Amino acid sequence: MAKNKYSILLPTYNERENLPLIIWLINKTLDESGIAFEVIIIDDGSPDGTLDTAKQLQKIYGEKKIVLRPREKKLGLGTAYIHGIKHATGNYIIIMDADLSHHPKFIPQFIKKQKEGNYDIISGTRYIGDGGVYGWDLRRKLISRGANFLARILLRPGASDLTGSFRLYKKEILEKLISACGSKGYVFQMEMIVRARQFGYAVGEVPITFVDRFYGESKLGGNEVIQYATGLLRLFATT
């Protein structure tokens with residue numbers, strides 16, 4: 001039986017300072033756990049030199065572990081995943097943020113949980129068990145909690161954290177979900193879980209700690225909040 005391989009999709013935009021740290025952590029954690037992996041970096045034309053940093057990391061860790069698939073400009077998270085999947089050689093896909101919000105130490109737990117229940121999707125959750133958020137002010141915590149609570153009431157997705165972006169998917173399941181999703185931005189992650197429930201896919205959860213980014217600026221603003229509310233109502237009306 002062939003050994004499982006995990007393709008980690010890492011969309012980046014202005015992550016020059018964070019990228020070396022997250023790659024080092026991924027490499028250390030997965031090598032020590034004996035997990036076969038590759039990291040596919042999808043940089044969307046970062047003006048801060050993220051791609052140049054990625055090229056240096058590729059020289060250090062090798063082309064088999066660090067795969068560069070840049071794009072000329074920001075084209076959205078969903079299309080970044082589609083672009084990355086095309087070049088993925090693993091049978092499982094892991095999506096995570098490049099800004100150190102998601103610690104790779106949880107990846108072996110994702111893999112263990114997936115194997116235990118043969119889940120189609122494992123979602124990292126901030127809202128059950130030992131999960132939590134560090135570094136956010138009260139306003140942002142209330143926005144996140146409120147957004148997830150409202151989504152669970154309206155959509156009944158069978159998952160506790162709809163807006164998180166730290167997940168493991170069977171490759172073929174992720175491909176099907178992306179083709180079925182029409183949302184962009186922060187709503188995209190929510191729709192993925194809602195569609196998974198709609199299609200009858202098995203979703204498991206692993207508690208994670210989310211840490212606010214060390215370097216760079218948060219990409220959450222007023223427009224994203226409005227986009228989320230609009231997307232939530234659209235999903236409520238169509239699912």
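Trainee: So two strands pair if DSSP finds at least two bridges between them. With that settled, what order do the strands of the open sheet have?
Mentor: In this predicted model, the open sheet has seven strands in the order 3-2-1-4-7-5-8, and their pairing is mixed.

Trainee: Which are the edge strands?
Mentor: Strand 3 (66-68) and strand 8 (203-207), each of which pairs on one side only. From one strand to the next, the twist averages 25 degrees.

Trainee: Remind me, what do strands of a sheet pair through?
Mentor: Backbone hydrogen bonds, and the pairing can be parallel or antiparallel.

Trainee: Okay, let me look at strand 1. Is it mostly covered or uncovered?
Mentor: Mostly covered: strand 1 spans residues 5-12, and seven of its eight residues are buried.

Trainee: How many bridges join strand 1 to strand 2?
Mentor: Eight, and the two strands run parallel, with strand 2 covering residues 36-43. If you want a pair to find on screen, take Leu-9, whose bridge partner in strand 2 is Ile-40. Between these two strands the chain passes through helix 1 (residues 19-32), and this β-α-β crossover is right-handed.

Trainee: And how many bridges are there between strand 1 and strand 4?
Mentor: Four, again with parallel pairing; strand 4 is residues 92-95. Here you can look for Tyr-6, which has Tyr-92 as its bridge partner in strand 4.

Trainee: Back to helix 1. Which strands does it lie across?
Mentor: Strand 1, strand 2 and strand 3, and helix 1 runs at about 165 degrees to strand 2. Helix 6 (residues 171-180) also packs on the sheet, where it touches strand 4, strand 5 and strand 7 (167-170). The direction of helix 6 makes about 100 degrees with that of strand 7.

Trainee: What about helix 1 and helix 2, at what angle do their axes cross?
Mentor: At roughly 30 degrees, and the axes come within 10 Å; helix 2 is residues 50-61. Angles under 35 degrees count as roughly parallel, so helix 1 is roughly parallel to helix 2. Their crossing is right-handed.

Trainee: Which residues meet there?
Mentor: From helix 1 you have Leu-19, Pro-20, Ile-23, Trp-24 and Asn-27, and they meet Thr-50, Thr-53, Ala-54, Leu-57 and Tyr-61 of helix 2.

Trainee: Now the other end of the sheet. How many bridges join strand 5 to strand 8?
Mentor: Five, and the strands run parallel, with strand 5 at residues 121-125. Gly-124 has Val-206 as its bridge partner in strand 8.

Trainee: New topic: I clicked on Met-192. Where does it lie?
Mentor: Met-192 is in helix 7, residues 186-199.

Trainee: Why does Met-192 count as buried?
Mentor: Because its relative accessibility is 0%, and buried means under 20%.

Trainee: What does Met-192 touch, leaving aside residues up to four places away in sequence?
Mentor: Arg-167, Tyr-169, Leu-174, Leu-177, Ile-178 and Cys-181.

Trainee: Last one, zooming out. How many helices and strands does the protein have?
Mentor: Eight helices and nine strands. The protein has 239 residues, of which 49% count as buried. Among contacts with a separation of 6 or more, 81% are between residues 24 or more positions apart.

How values were computed
Residues numbered from 1 in each chain as written. Predicted model: local features only at pLDDT ≥ 70, side-chain atom pairs only at ≥ 80, totals over all residues. Heavy atoms only, no water. Buried < 20%, exposed > 50% of the residue type's maximum accessible area, 1.4 Å probe, protein only. Right-handed = clockwise from strand over helix to strand, strands pointing away. Axes fitted to C-alpha atoms, helices over the stretch in contact; angles between N-to-C directions. Parallel < 35°, antiparallel > 145°, perpendicular 65-115°, else oblique. Left-handed = near helix turned anticlockwise from the far one by under 90°. Contact = heavy atoms within 4.5 Å.
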